[in-house]
Amino acid sequence: MNLSDFPRVRLAHLPTPLEHMSRLSEHLGGPEIFVKRDDCTGLATGGNKTRKLEFSMGEAVKQGADTIITVGAIQSNHVRQAAAAACKLGMACEVLLESRVSDPSEIYSKSGNVFLDRIFGANLRQFDAGTDFNVAMKSVADEVRRAGGTPYIIPGGASNAVGALGYVDCGIEMLGQFKEQNLTIDHLVSATGSAGTHAGLAVGLRASGNDLPILGIGVNAPQDVQEERVYKLAVETAELVGAKDCVAREDIIADCNYIGSGYGIPTESMNEAILMLARFEGLLFDPVYSGKALAGMIDHVRQGRFTKGQNIVFLHTGGSAGLFAYSDTLLT
Ligand SMILES: *Cc1c(COP(=O)(O)O)cnc(C)c1O
């Protein structure tokens with residue numbers, strides 16, 4: 001497996017730090033908890049999409065694209081990072097926004113990520129939930145071509161095999177840090193949504209011969225759907241890097257019990273987790289992904305599934321820009 005074979009543009013500050021959260025660990029009284037700071041990737045307030053976009057944008061540049069087309073929810077962190085990456089590479093950015101949250105507040109519709117998308121000059125178009133975005137993005141691509149441009153489509157969350165390479169790389173990077181810091185890690189925990197992060201991590205670790213268990217905490221789909229989504233993408237990613245069959249279906253585990261009433265809808269436990277990490281560690285997480293994933297990790301500690309004597313790594317996937325869109329619900 002050699003990632004240097006793939007086109008890549010440098011967008012992220014790497015390696016991101018791996019830090020011990022001593023006050024949180026002590027407060028919860030269970031395992032020692034570490035945080036992999038992918039909120040510090042550096043592009044437009046950071047987050048996990050930056051790593052993926054290094055490879056997606058690498059492909060776009062290689063194909064001579066001058067316009068990026070992508071899709072996300074109104075408060076998509078992916079869209080914000082893609083819009084910034086397009087600016088850095090001198091490309092236009094066409095964005096299809098899905099109105100996934102019904103009855104959004106004024107703040108949700110205008111603040112946070114979508115505000116930053118506008119700062120980056122992305123062209124935003126709004127679509128109803130359930131739109132077929134493959135079709136819609138192709139039609140925008142045709143439009144760009146008719147105007148003389150060269151489009152490149154990045155799927156939602158940059159979660160195809162090319163984007164997942166960013167997390168293959170992150171998995172390898174973490175193995176190096178565990179060794180450097182002389183750490184034996186028992187479990188890795190991450191939010192899992194469009195699946196590229198989880199799939200890439202699985203491939204990065206398994207193709208390196210490492211069997212560290214990975215727990216994905218789901219944020220939208222039921223467990224069977226989420227695990228299949230991750231597994232399918234892991235298989236494609238493994239093939240792309242020449243490590244076919246390195247990930248088994250039963251190795252992909254998603255716990256989808258912390259979604260609450262739906263994607264992007266706040267839960268009590270997410271609210272508690274965000275305030276806990278802010279007040280014990282001075283860290284900011286987000287309501288849609290990393291906050292719900294933290295709620296899952298905290299619950300696993302409280303239930304005794306992660307115990308004293310173990311070392312756990314929580315992957316901080318970023319998203320704090322989305323906090324501002326929830327300023328009317330988080331502190332109530
Ligand atoms: C997109 C995102 C995730 C989920 O990553 P996927 O690769 O889509 O599964 C997690 N956290 C944040 C903050 C995100 O923006």
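**Entry 1: the ligand**

I began at asparagine 48. An N or O atom in its side chain is 3.0 Å from an oxygen atom of the ligand. I noted that this is a predicted model.

Next I looked at lysine 52. Its side chain has an N or O atom 2.6 Å from an oxygen atom of the ligand. Then I turned to glycine 193. Here a backbone N or O atom lies 2.7 Å from an oxygen atom of the ligand. I also looked up the cover. On its own the ligand has 380 Å² of accessible area, and the protein covers 98% of that.

I asked which residues come nearest to the ligand. They are Lys49, Lys52, Ser194, Thr197 and Thr317, out of 17 residues around the ligand. I then looked up the elements behind this shell. Helix H2 (49-62), strand E7 (187-192) and helix H8 (196-206) each supply at least two residues of it. Where does the ligand sit? I found the ligand in the largest pocket.

**Entry 2: the cysteines**

The cut-off is a pair of cysteine sulfur atoms within 2.5 Å. Cysteine 93 is in no disulfide, and its nearest cysteine sulfur is that of cysteine 87.

Then I looked up how open each one is. Cysteine 87 has 38% relative accessibility, so I wrote it down as partly exposed. Cysteine 93 has 8%, so I wrote it down as buried. The cut-off for buried is under 20% relative accessible area.

**Entry 3: histidine 316**

I moved to strand E10 (residues 311-316), where histidine 316 is found. Is histidine 316 buried or exposed? Histidine 316 counts as buried because its relative accessibility is 0%. I followed its side chain. The side chain of histidine 316 reaches the backbone oxygen of leucine 284 at 2.7 Å.

**Entry 4: leucine 11**

My last stop was leucine 11. I placed leucine 11 in the segment before strand E1 (18-20). Its relative accessible area is 6%, so leucine 11 is buried. I also compared its position with that of aspartate 251. In sequence, leucine 11 and aspartate 251 are 240 residues apart. In space, I noted 31 Å between them, C-alpha to C-alpha.

Key. Residues are numbered from 1 along each chain as its sequence is written. This is a predicted model: local features need pLDDT of at least 70, side-chain atom pairs count only at pLDDT 80 or more; totals for chains, interfaces and linings use all residues. Side-chain values use heavy atoms; hydrogens and water are left out. Buried means under 20% relative accessible area, exposed over 50%, partly exposed in between (1.4 Å probe, protein chains only). A residue is near a molecule or strand if one of its heavy atoms lies within 4 Å of it. A polar contact is a pair of N or O atoms within 3.5 Å; within protein, one must be able to donate a hydrogen and the other to accept it, and residues adjacent in sequence count only if both atoms are side-chain atoms. Accessible areas come from the Shrake-Rupley method with a 1.4 Å probe; for residues, only the protein chains shown count as cover. On a 1 Å grid over the protein atoms alone, a cavity is a set of points where a 1.4 Å probe fits but cannot get out, and a pocket is an open set with protein on both sides within 12 Å along at least five of seven lines; lining residues have an atom within 4 Å of a point. A molecule sits in a cavity or pocket if more than half of its atoms lie within 2 Å of its grid points. Helices (H or I, at least four residues) and strands (E, at least two) are DSSP runs, numbered from the N terminus.
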